[in-house]
Amino acid sequence: MEKVTVFGAGSWGTALAIVLAENGHQTLLWTHREDQATEINQYHTNKKYLPETILPTELTATSDLAEAIEHSTLFVIAVPTKAIREVCSNMMKTLNKKALFIHVSKGIEPDTLLRISEILEGSLPAEVVSDIVVLSGPSHAEEVVLRHPTTITAACENIDSAEKVQDLFMNGYFRVYTNTDVIGVELGGALKNVIALGAGISDGLEYGDNAKAALITRGLAEISRLGVKMGGNPFTFSGLSGMGDLIATCTSVHSRNWRAGNMLGKGLTLNEVLEKVGMVVEGVRTTKAAYQLAQKYDVPMPLTSALYEVLFHEKTPKDAVDELMIRMKKREIDLY
Ligand SMILES: NC(=O)C1=CN([C@@H]2O[C@H](COP(=O)(O)OP(=O)(O)OC[C@H]3O[C@@H](n4cnc5c(N)ncnc54)[C@H](OP(=O)(O)O)[C@@H]3O)[C@@H](O)[C@H]2O)C=CC1
Ligand SMILES: O=C(CO)COP(=O)(O)O
């Protein structure tokens, strides 16, 4: 059995910490909120993020970052994309040993256009990183804590590190596959959130199943188009971290991104929506990054562009959909 530290006690960090603790690993959950660490240690709950869940008593929490670092050399990074740099920078005040970094965040940084593993590589000196593995796939925390069957992918160019992560997490309800295509896995996980916002908008407008199926299918086409141009393996986009996660996020009431889109489709403003969801909606910032990537790589991404206009330039969702429908005629398959 191993010692593992999970950094970030939101819904996903907590759910993964439960999986690890149930697998027999000595798991410490770090939160930047002292009151939350106390709640987890005393009451074995995390009411804000997983209100119905009782945490295993073996799972302990701390708000002391130095203690969290000291605990292990296996670090699960489970904070939102926009917090990764701050967490790394704080870690570097005490981190003086090599650790395996397993990140589970799904985003791309606007302006720098970096994926999470690239942000980690740039924020952490090589002396403290034994490897970086991304764990990503269709996996809502709310279902994992119910021990419902879940499948996910651990990706690293070094297959040994991916297999190490597979062994750490795998159990009877949490099945982990491996992949060496980090670019494809990270891009699939981040870009599906953009399309999920669109699927939520479509449902908010009550456009029905035809429209949502179109969004998922054409969304996958534009994710793959960009992803392949950026160096991802085309097959990865039809795997768990691509199509799998896209389906889960576009069709689930658990999805923060779908829920946010749904409220936008019903007419709420972006600020009202973010206030109501109360958890990270990664797709908003990633829409900006994806729009910038589409321009940088000269890849047509009409759904992403339409969403960008809705989120950042006050286009109404209905106008955006109408304009998508009357674009120039196209062939469906653009690889011939
Ligand atoms: N939820 C899910 O089912 C899944 C989520 N993911 C991904 O995992 C990542 C985390 O998502 P999720 O757990 O849902 O997010 P939540 O919004 O549920 O939780 C985020 C957690 O990160 C903490 N946090 C935010 N900023 C900082 C900071 N600067 N320093 C330290 N801690 C911080 C929050 O603290 P505070 O309470 O103070 O805000 C909170 O504990 C996202 O990238 C998401 O896309 C991936 C798969 C599934
Ligand atoms: O990535 C997720 C499930 O795999 C979580 O998606 P949401 O952020 O939309 O809830």
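Leu100 is buried in this predicted model, because 20 other C-beta atoms lie within 10 Å of its own, and 20 or more is the count at which a residue is called buried. Leu100 belongs to strand β5, and that strand has its place in an open sheet of 8 strands with mixed pairing.

**Surroundings of Leu100**

- When neighbours within four places in sequence are left aside, the residues in contact with Leu100 are Thr73, Leu74, Phe75, Ser130, Asp131, Val133, Ser161 and Lys164.
- Val129 lies 29 residues from Leu100 in sequence, yet the two C-alpha atoms are 6.1 Å apart in space.
- Within the strand pairing, Leu100 of β5 stands opposite Leu74, a residue of strand β4 that is itself buried.

**Strand β4 and its partners**

- Strand β4, residues 74-77, is covered on both faces, with Leu74 and Val76 buried on one side and Phe75 and Ile77 buried on the other.
- On one flank, β4 runs parallel to strand β1 (residues 3-7), to which 3 bridges join it, and Val6 has Val76 as its bridge partner in β4.
- With strand β5 (residues 99-103), β4 also pairs in the parallel sense, here over 4 bridges, and the chain passes from β4 to β5 by way of helix α4 (residues 84-91) in a right-handed β-α-β crossover.

**The sheet as a whole**

- The strand order across the open sheet is β3-β2-β1-β4-β5-β6-β7-β8, and the edges are formed by β3 (60-62) and β8 (174-179), each of which pairs on one side only.
- From one strand to the next the twist averages 25°.
- An antiparallel pairing is found between strand β6 (residues 129-136) and strand β7 (residues 150-155), which are linked over 3 bridges, and in this pairing Ser136 has Thr153 as its bridge partner in β7.
- Helix α1 (residues 11-22) packs on the sheet and touches β1, β2 (26-30), β4 and β8, while its direction makes about 165° with that of β2.
- Helix α8 lies across β6, β7 and β8 and runs at about 45° to β6.

**Packing of α9 and α10**

- Helix α9 (residues 208-229) packs with helix α10 (residues 240-251) at an angle of about 145°, their axes being 11 Å apart, and the crossing of the two is right-handed.
- On the α9 side the contact is made by Lys212, Leu215, Ile216, Gly219, Leu220 and Ile223, and on the α10 side by Gly242, Met243, Leu246, Ile247 and Cys250.
- Sorted by class, the residues of this contact are 8 nonpolar, 2 polar and 1 charged.

**Helix α14 among its neighbours**

- In helix α14, which spans residues 302-312, the buried residues are Leu303, Thr304, Ala306, Leu307, Tyr308, Val310 and Leu311.
- These buried residues of α14 pack against α8 (182-204), α9, α11 (256-265), α12 (270-277), α13 (282-297) and α15 (317-325).
- Just after α14, the backbone at Glu314 takes a positive phi of about 60°.

Key:
Residues are numbered from 1 along each chain as its sequence is written. Chains are lettered from A and ligands numbered from 1 in the order in which they are written. This is a predicted model: local features need pLDDT of at least 70, side-chain atom pairs count only at pLDDT 80 or more; totals for chains, interfaces and linings use all residues. A residue is buried if 20 or more other C-beta atoms lie within 10 Å of its own, exposed if 12 or fewer, and partly exposed in between; C-beta atoms are placed from the backbone. Two strands pair if DSSP finds at least two bridges between them. A crossover is right-handed if, with the strands pointing away from the viewer, the path from the first strand over the helix to the second runs clockwise. Axes are lines fitted to C-alpha atoms, for helices over the stretch in contact, and angles run from 0 to 180 degrees between N-to-C directions. A crossing is left-handed if the near helix is turned anticlockwise from the far one by less than a right angle, and right-handed if clockwise. Two residues are in contact if their C-beta atoms, placed from the backbone, lie within 7 Å. Ala, Val, Leu, Ile, Met, Phe, Trp, Tyr, Cys and Pro count as nonpolar, Asp, Glu, Lys and Arg as charged, and the others, Gly among them, as polar.
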